[in-house]
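User: Please take a close look at one part of this model, namely the places where the chains meet. I would like one connected account with the cut-offs stated.

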Amino acid sequence: MANEKFAYAPAPESRAIVDLAPSYGLFIDGEFADAADGTVFKTVSPSSEEVLAEVARAGEADVDRAVKAARKAFGSWGALPGAERGKYLFRIARILQERSRELAVLETLDNGKPIRETRDVDLPLVAAHFFYYAGWADKLAYAGYGPDPRPLGVAGQVIPWNFPLLMLAWKIAPALAAGNTVVLKPAETTPLSALFFADVCRQAGLPRGVVNILPGYGDAGAALVAHPDVDKVAFTGSTQVGRAIARTVAGTRKKVTLELGGKAANIVFDDAPVDQAVEGIVNGIFFNQGHVCCAGSRLLVQESVQEEVLDALRRRMSTLRVGDPLDKNTDVGAINSAEQLARITELAEAGEAEGAQRWAPACELPTSGYWFAPTLFTGVTQAHRIAREEIFGPVLSVLTFRTPAEAVEKANNTPYGLSAGIWTEKGSRILSMASKLRAGVVWANTFNKFDPTSPFGGYKESGYGREGGRHGLEAYLDV
Amino acid sequence: MSSVVPAFGPDAPARLAGLADVTASDAALRRFLHGLPGVDAVGLEARAAGLGTRSIKTTAKAYAIDLAISMIDLTTLEGSDTPGKVRALCAKGRRPDPTDPGTPHVAAICVYPDMVAVAREALGEGSGISVASVATAFPAGRVALPVKLADTADAVAAGADEIDMVIDRGAFLSGRYMEVFEEIRAVKQACVRKDETAAHLKVIFENGELSTYDNIRRCSWLAMLAGADFIKTSTGKVAVNATPANTLLMLEAVRDFREAVGVQVGVKPAGGIRTSKDAIKYLVMVNETLGDDWLSPEWFRFGASSLLNDLLMQRQKLSTGRYSGPDYVTVD
Amino acid sequence: MSDKSEQQRLSVFKTYKLYVGGKFPRSESGRVYEVTDSKGGTWLANAPLSSRKDARDAVVAARKAVPGWSGATAYNRGQVLYRVAEMLEGRREQFAREVADAEGLSKSKAAAAVDAAVDRWVWYAGWTDKIAQVVGGANPVAGPFFNLSTPEPTGVVAVLAPQDSSLLGLVSVLAPVIATGNAAVVVAAERAPLPALSFGEVLASSDVPAGVVNILSGRTAELSAPLAAHQDVNGLDLTGAPADLAADLEAAAADTLKRVRRPSAEVWTNDPGTSRLTSWLETKTVWHPIGV
């Protein structure tokens with residue numbers, strides 16, 4: 001399909017709305033501070049490799065100070081009537097809505113994801129999440145966890161770089177609603193939106209020490225998880241780190257929830273609504289550059305419609321617009337870091353070496369920054385690395401099946417169990433498949449939908465505990 | 001498919017004859033139409049809404065505005081229409097913005113059959129603007145077939161270049177697909193002039209009455225199999241007319257039809273498209289669903305009237321940098 | 001009938017066996033160990049001293065049972081569980097004797113413990129078709145989508161039965177595992193395994209499908225390590241774990257991210273609440289568009 005006549009002019013979102021300081025500190029006990037050892041690191045924009053700011057790097061001493069601040073704040077925060085806690089959260093939700101464009105641009109700058117997504121997906125969900133849990137704060141007695149469920153205390157939270165502010169919201173909103181205080185470590189490649197969130201807390205008048213933000217690396221995360229005065233650990237990230245955390249907290253009283261990796265099957269039957277299925281496949285794997293734990297990274301397509309679906313998919317992929325994340329028409333942005341790009345590249349090369357056929361639409365990638373074209377592998381088998389390992393990038397592995405039973409068997413043939421997709425017009429088949437797939441979220445005739453009321457989390461090695469909905473409160477209550 | 005032919009071209013009937021088996025009987029046609037992939041309403045609407053968030057600026061906007069103007073079937077379909085009103089519309093269509101001769105003219109003037117001769121005369125020779133006429137007892141279509149055919153033949157004889165027919169929605173909804181198919185074929189035949197050239201046939205579904213997206217997809221294929229040169233969303237006379245979603249679905253249908261049969265069919269959304277912003281959203285859908293091949297008045301039209309003035313105001317804004325107002329474009 | 005010894009009948013001893021895959025095997029190792037009464041004096045019986053391989057076989061049997069049991073209707077599971085209570089009720093006297101020996105309880109206290117165990121089992125039997133309504137439900141998402149969360153069994157759960165309560169404790173940890181549709185591999189109380197092994201006979205004479213419950217006796221430390229590390233075990237109940245081993249077992253379970261229930265002091269006669277049910281449930285959330 002030629003698209004030459006109607007070429008879209010650049011439509012860049014203005015970055016003037018974001019007032020970036022040259023350097024940022026740790027946010028502890030309501031104040032920004034340098035790291036105890038004075039260490040800093042740089043955060044860059046993955047689409048240009050431009051240094052955005054210098055950020056204090058938390059170490060063990062800072063973790064200790066932050067946990068102490070959170071512990072001190074817990075005394076009064078946990079004792080505050082739920083209605084008052086709720087009002088703080090409502091304030092935060094409203095300020096996030098007011099500042100959503102600023103935060104969207106900031107997130108796009110620091111993460112590399114398209115402004116279209118931060119503006120239309122991340123930020124609306126962030127505000128909605130706070131709004132949702134705000135309402136729970138004074139209704140905990142009705143949540144099904146007993147007449148007077150108590151908070152746990154200090155929550156140590158470690159979040160990934162793929163949805164920095166949204167993952168923050170998933171962690172902080174239920175924690176505060178339940179009456180806990182938090183120490184949160186954002187990912188080292190995306191610390192900025194969490195630090196701006198600290199300013200949102202300031203505007204909301206949140207008491208000191210209730211929220212503490214510690215930008216840093218894995219060592220800070222490990223120190224936080226291991227800190228003896230942390231009562232609750234919440235982590236979203238890789239299965240490998242999740243295992244290490246589960247080992248660290250073994251034998252302690254710490255409550256843990258883990259939201260880890262995935263290798264979701266997106267199953268397309270021969271009676272699927274093809275155009276919508278293709279949209280769902282594209283959204284499933286190319287949304288957020290495939291940096292999504294629940295990404296539909298394995299397409300299982302029924303053999304009888306394989307060609308038809310793949311033709312339509314290739315055609316659709318050819319219209320994906322890859323490039324400047326701040327351009328409002330960009331569909332696929334930058335890979336978050338050089339390290340991640342190297343991992344995607346390595347796995348894609350392994351796919352080729354193992355004999356799968358690689359295809360990508362012709363697209364011009366920018367010369368600076370980290371980029372990977374939307375890529376399709378056909379002729380993939382269950383034994384290939386690209387069918388088993390989480391790539392966490394815009395790479396789709398296509399496998400085929402002949403019968404529903406075979407689809408279930410292949411879909412479940414993974415240690416992961418986070419999400420799955422089903423595309424068929426037959427209602428009873430949807431329900432049958434949905435009950436047989438071992439995954440925490442099943443999207444039927446849709447994909448990658450999220451909502452604060454909807455519990456999210458995995459089976460098997462995709463982790464345990466649920467975030468979102470009434471279920472999401474359990475992780476932060478002493479029940 | 002080695003090559004693509006236009007639906008109005010001489011090779012199209014032979015291509016369609018290749019699918020004679022699916023239109024051989026009512027049962028065969030039903031099986032075929034009901035075998036088309038289903039449409040998930042939420043997914044379709046989400047895709048249309050997603051394309052609606054494209055940000056079309058500067059040069060792209062200028063291109064889109066001029067293209068949209070050139071695709072307009074400038075329409076008046078009122079009981080109160082007079083020759084004077086139609087002449088004014090023709091003048092507007094030829095020179096939409098008197099202050100800027102660089103403004104493209106519209107694609108067609110769309111009128112009732114009894115106004116075809118007036119429009120024909122008002123446009124004169126060589127205007128490059130077609131006369132389109134609704135026919136077949138537009139908008140309800142509730143007359144006997146011979147009357148529909150006479151209505152069509154009359155409009156063609158009066159000089160219509162294009163005929164916008166309505167299908168029998170009653171027959172379609174009660175599952176009498178063959179009847180609808182045969183009727184379209186008969187009207188297509190009635191479009192043939194004495195010199196064996198033919199007026200182009202646009203087939204109006206009235207999507208609002210077909211009610212479901214599955215019906216719209218089936219109707220699209222039915223009309224294309226019957227020889228439609230264009231498929232058109234609606235009459236503009238019911239509550240639900242063209243929507244981004246139902247138009248996107250029809251764009252997907254013409255895309256798939258060309259892929260399968262090698263015959264290219266045009267699409268015309270009509271009714272409810274009033275602003276430049278709306279029009280640009282439709283053009284984005286055409287661009288990203290069908291690409292360059294459909295980005296011309298030959299293959300895509302807007303059935304509209306008030307849209308033109310909004311496009312003109314936006315056009316003036318782009319060239320002068322100032323916002324325009326309704327007093328700076330002409331009323332019809 | 002003058003001789004006293006003529007009046008005494010020589011009793012028939014029972015050979016206690018494991019309960020694995022619906023059968024009653026001896027340990028593949030051929031080992032047994034002496035079980036004495038709670039005071040440590042009187043020999044009661046020899047119990048199989050299960051090996052790592054017995055644990056492995058039990059996991060295989062449990063895994064095989066998962067599809068059928070988790071796929072059974074909740075009503076059916078409730079019926080089957082209730083049948084277990086009926087069978088247990090019919091053997092109250094036997095269990096009262098075994099519990100009294102095992103725990104050093106008076107006859108009346110042991111009988112009360114057995115009654116409590118029957119009642120506990122009945123309580124859980126009634127939960128099978130209610131827990132989904134209590135912990136699942138519709139989620140009002142902001143969009144045209146049907147969205148429903150339902151609980152599903154985790155899969156195979158390894159249970160270290162409490163050491164302090166040989167029957168009431170056992171049923172209190174086992175019933176919630178299978179009521180929710182999981183299959184269990186139970187390591188019986190190390191020093192008091194006989195009620196648990198006899199309970200296997202109750203299960204076998206009920207309608208519990210083979211492999212849904214597998215009961216091992218032996219050294220908890222020896223059996224718990226391979227179960228905690230087993231890649232095909234989804235959940236681990238450490239209730240009866242030796243205090244010095246619990247942390248290591250939890251760490252071993254971390255490798256495959258098993259759901260772990262840590263040991264905690266429990267009063268077995270208290271209202272158990274629902275937490276032992278939800279410990280072995282996953283929440284599955286299904287989305288579907290709403291459109292015509």
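Analyst: Between chain B and chain A there are 15 residue pairs in polar contact, both residues being at pLDDT 80 or more; a polar contact is a pair of N or O atoms within 3.5 Å, where within protein one must be able to donate a hydrogen and the other to accept it, and residues adjacent in sequence count only if both atoms are side-chain atoms. The model is a predicted one, so local features need pLDDT of at least 70 and side-chain atom pairs count only at pLDDT 80 or more, while totals for chains, interfaces and linings use all residues, and side-chain values use heavy atoms, with hydrogens and water left out. Residues are numbered from 1 along each chain as its sequence is written, with chains lettered from A and ligands numbered from 1 in the order in which they are written.

Salt bridges (a side-chain nitrogen of Lys or Arg within 4 Å of a carboxyl oxygen of Asp or Glu) number 4 between chain B and chain A. In one of them, Arg255(B) meets Asp275(A), with 2.6 Å from N to O. Helix 3 (41-51), helix 4 (58-70), helix 12 (244-261) and helix 13 (276-289) of chain B are the elements that give two or more residues to the side of chain B that touches chain A; helices (H or I, at least four residues) and strands (E, at least two) are DSSP runs, numbered from the N terminus. That side of chain B is made up of 11 nonpolar, 10 polar and 11 charged residues, where Ala, Val, Leu, Ile, Met, Phe, Trp, Tyr, Cys and Pro count as nonpolar, Asp, Glu, Lys and Arg as charged, and the others, Gly among them, as polar.

The contact (heavy atoms within 4.5 Å) takes 32 residues from chain B and 30 residues from chain A. The two chains bury about 2500 Å² between them, with 46% of it on carbon and sulfur atoms; buried area is the accessible area (1.4 Å probe) that two parts lose on being put together, summed over both. Arg47(B), Arg54(B) and Asp292(B) supply 23% of the area that chain B buries against chain A, more than any other three residues.

Chain A also meets chain C, in a contact that takes 44 residues from chain A and 31 residues from chain C. About 2800 Å² is buried there, and carbon and sulfur atoms give 51% of that area. Here 27 residue pairs are in polar contact, both at pLDDT 80 or more, and the interface has 3 salt bridges, among them Glu282(C) with Arg466(A), whose closest N and O atoms are 3.7 Å apart. On the chain A side, two or more residues come from each of helix 8 (239-249), strand 10 (255-259), helix 14 (427-436), strand 17 (441-444) and strand 18 (463-464). Helix 8 of chain A gives the largest share of that side, 6 residues, and by class the side holds 18 nonpolar, 13 polar and 13 charged residues.

Strand pairing also joins these two chains: strand 17 of chain A runs parallel to strand 10 (residues 281-289) of chain C over 3 bridges, two strands being paired if DSSP finds at least two bridges between them. Within this pair, Val442(A) stands opposite Val286(C).
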